[in-house]
Amino acid sequence: MKYFFTEWKKISEKLVGKKRFFFFDYDGTLTPIVKKPELAKLDSRIKDILRKISKANKVAIISGRPLSEIKNFIGIKNIIYSGNHGFEIEIKGKKIIQNTDHRTKNEIRRIKDKLAKEIKKIDGAFLEDKGLTLSVHWRLVNKKNLLKLFAIIRAVICNNSRVSLTKGKKVWEIRPNINWHKGKAVRFVMSKVQSPKSEVVPVFIGDDATDEDVFKVLENGITVRIGKSKKSKAKYYLKNQSEINRFLNLLTKGSIKYFTSVKYFVCHPELVSGSIDAESSSA
Ligand SMILES: [Mg+2]
């Protein structure tokens, strides 16, 4: 893993004459991590740069937040949004929601009701209902109570094959147990908006465990992690989130017009029906 700014010269050579497709995580990447999720507002300077980038390049936000929320937080029209770790995607006004059956949805509702009651016993624990998924935030929980909180979650979802548990930064997430994640969402988005003949370099930046799925699928792209980590599959790192401004400014330099000549296309029937099969669209 190399420091992005010392490698910039080499990276920029790789980008010469190429179209760029930018993918950004939101929390901890475009905004600093905050104590409560609702406080993670986008800085107006970052918003201005994003707007500028999106005029000349394709841009997608790949977040763990619900789609409606991430759209509100960013508020830029001509970009692609993916929420709930890729379970919800919106491309040019068309929503693609991962197929989860009725029983799984009901199961998540049941888990939500039960957890909401149970985690009241743990000071600082907070349950976020994101529709298709649930998040249990433990940023404000005293460390000595963490095991207790984890035991509560385990007891509620134990032996339930309809859901899976993943961990993010000071959060546990309960999702439908289907083979879908941020990495697959990124591949899906690229397959829908990329001209097959065009040479595009994907650029992704993220900070969390769930972003590793994207680092893995974009092995030929420019992948950047906020914070150095030996375990990460990202090629480059920024020292911390406050370097995002410099990073964005640098990457916008020399951008070439994207999709001015390539017709933006969304032609798959599954987009119209509003659902996709996780397996068939993952290639
Ligand atoms: Mg993040």
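How many helices and strands does the protein chain have? In this predicted model, the count comes to nine helices and 14 strands. Of the 283 residues in the protein chain, 39% are buried. Look at the contacts between residues at least 6 apart in sequence, and you'll find that 62% of them join residues at least 24 apart.

Let's start with helix 3, which runs over residues 67–74. Its buried residues are L67, E69, I70, F73 and I74. These residues cover an arc of only 165° around the axis, so they sit on the same side of helix 3. The spacing makes sense if you recall some helix geometry: an α-helix has 3.6 residues a turn, so residues three or four places apart point the same way. And what lies over that buried set? The cover includes strand 3 (58–62), strand 4 (80–83) and strand 5 (88–91).

Now move over to a pair of helices. Helix 2 (residues 44–56) packs with helix 8 (residues 244–252) at an angle of about 20°, and their axes are 10 Å apart. Angles under 35 degrees count as roughly parallel, and helix 2 and helix 8 are therefore roughly parallel to each other. The crossing of helix 2 past helix 8 is left-handed.

Which residues of helix 2 and helix 8 meet? On the helix 2 side they are R45, I46, I49, K52 and I53, while helix 8 brings I244, N245, L248, N249 and T252.

Methods: Residues are numbered from 1 along each chain as its sequence is written. This is a predicted model: local features need pLDDT of at least 70, side-chain atom pairs count only at pLDDT 80 or more; totals for chains, interfaces and linings use all residues. A residue is buried if 20 or more other C-beta atoms lie within 10 Å of its own, exposed if 12 or fewer, and partly exposed in between; C-beta atoms are placed from the backbone. Helices (H or I, at least four residues) and strands (E, at least two) are DSSP runs, numbered from the N terminus. The arc is that of the directions from the helix axis to the C-beta atoms. Two residues are in contact if their C-beta atoms, placed from the backbone, lie within 7 Å. Axes are lines fitted to C-alpha atoms, for helices over the stretch in contact, and angles run from 0 to 180 degrees between N-to-C directions. Angles under 35 degrees count as roughly parallel, over 145 as roughly antiparallel, 65 to 115 as roughly perpendicular and the rest as oblique. A crossing is left-handed if the near helix is turned anticlockwise from the far one by less than a right angle, and right-handed if clockwise.
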